[in-house]
Amino acid sequence: MMISTKGRYALMIMTYLAEHRNDKAVSLKDIAEHKNMGIKYLEIIVSSLNKAGLLESSRGKNGGYKLNREPKDYSLLEILKVAEGSLAPVSCVEEGFCDNAPNCKTNKMWCELDALITDFLSNKTLEDIV
């Protein structure tokens, strides 16, 4: 499993917002400048985070984004799944069923790895990063 730039940026965005949660809404321009990220790419990522209900957005002169929960209430798994989709190490685990599973010597190992990844990321929160 390799987390893409989209997943890494999603965590950086959410971390930045957690660090500034007591401030006014944070603009994408501010995040882009402080994290040296392209604003167009940030728009795509923030849009998916917003659609998933992880952020609160406001428009206007003082508009921007804020977390809508406390950092301790966001699991890293939740954030990464929004950005990445699946985090399964192989497609047969992602699909939840494999015709070849009964004959596959590696299926159990892939399922165990998936469970470890899921357990680790679901027990780490945004607060742990901040």
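Biologist: What pattern does the protein follow, read along the sequence?

Modeller: Bear in mind that this is a predicted model. The protein has seven helices and two strands. Reading along the sequence, the order is α-α-α-β-β-α-α-α-α.

Biologist: And what box do the C-alpha atoms of the protein fill?

Modeller: Some background on the chain: of its 130 residues, 37% are buried. Among contacts between residues at least 6 apart in sequence, 64% join residues at least 24 apart. Taken along the principal axes, the box is roughly 60 × 25 × 25 Å.

Biologist: Let's look at helix 1 and helix 3. Are they roughly parallel or roughly perpendicular?

Modeller: Helix 1 covers residues 5-19 and helix 3 covers residues 39-51, and their axes sit 10 Å apart. The packing angle is about 75°. That angle makes the pair roughly perpendicular.

Biologist: Which residues of helix 3 does helix 1 meet, and how do the residues of that contact divide by class?

Modeller: From helix 1 come T5, K6, Y9, A10, I13 and M14, and they meet Y41, L42, I44, I45, V46 and L49 in helix 3. By class, the residues of this contact divide into ten nonpolar, one polar and one charged.

Biologist: T15 is in helix 1 too. Is T15 buried or exposed?

Modeller: Leaving out residues up to four places away in sequence, T15 touches L126, I129 and V130. Its relative accessibility is 11%, and the cut-off for buried is under 20%. So T15 counts as buried.

Biologist: Back to helix 3. Why do its buried residues line one face of the helix?

Modeller: The buried set is L42, I45, V46, S48 and L49. An α-helix has 3.6 residues a turn, so residues three or four places apart point the same way. Seen down the axis of helix 3, the buried residues line one face because they fall within an arc of 160°.

Biologist: Which exposed residues are carried by the face of helix 3 turned away from its buried side?

Modeller: On the buried side, helix 3 packs against helix 1, helix 2 (28-35), strand 1 (55-58), strand 2 (64-67) and helix 4. The face turned away from that side carries K40 and K51.

Biologist: Which residue with positive phi follows helix 3?

Modeller: Helix 3 has 13 residues and reaches 18 Å from its first C-alpha to its last, close to the 18 Å expected at 1.5 Å a residue. After the helix comes a residue with phi near 85°, and that is G53.

Biologist: Now helix 6. Within what arc do its buried residues fall?

Modeller: Helix 6 runs over residues 107-122 and has 16 residues. Its buried residues are N107, D114, I117 and L121, while K108 and L116 on the other side are exposed. Seen down the axis, the buried ones line one face of helix 6, since they fall within an arc of 90°.

Biologist: Which helices do the buried residues of helix 6 pack against?

Modeller: There are two partners to name here, given with their residue ranges. They are helix 4 (76-84) and helix 5 (91-95).

Biologist: At what angle do the axes of helix 4 and helix 6 cross, and which residues make the contact?

Modeller: The axes come within 6 Å and cross at roughly 115°. Helix 4 and helix 6 are therefore roughly perpendicular to each other. The contact has four nonpolar, two polar and no charged residues. Those residues are L76, L77 and L80 of helix 4 with T118, L121 and S122 of helix 6.

Note on methods: Residues are numbered from 1 along each chain as its sequence is written. This is a predicted model: local features need pLDDT of at least 70, side-chain atom pairs count only at pLDDT 80 or more; totals for chains, interfaces and linings use all residues. Side-chain values use heavy atoms; hydrogens and water are left out. Axes are lines fitted to C-alpha atoms, for helices over the stretch in contact, and angles run from 0 to 180 degrees between N-to-C directions. Helices (H or I, at least four residues) and strands (E, at least two) are DSSP runs, numbered from the N terminus. Angles under 35 degrees count as roughly parallel, over 145 as roughly antiparallel, 65 to 115 as roughly perpendicular and the rest as oblique. Contact means heavy atoms within 4.5 Å. Ala, Val, Leu, Ile, Met, Phe, Trp, Tyr, Cys and Pro count as nonpolar, Asp, Glu, Lys and Arg as charged, and the others, Gly among them, as polar. Buried means under 20% relative accessible area, exposed over 50%, partly exposed in between (1.4 Å probe, protein chains only). The expected span of a helix is 1.5 Å times one less than its number of residues. The arc is that of the directions from the helix axis to the C-beta atoms.
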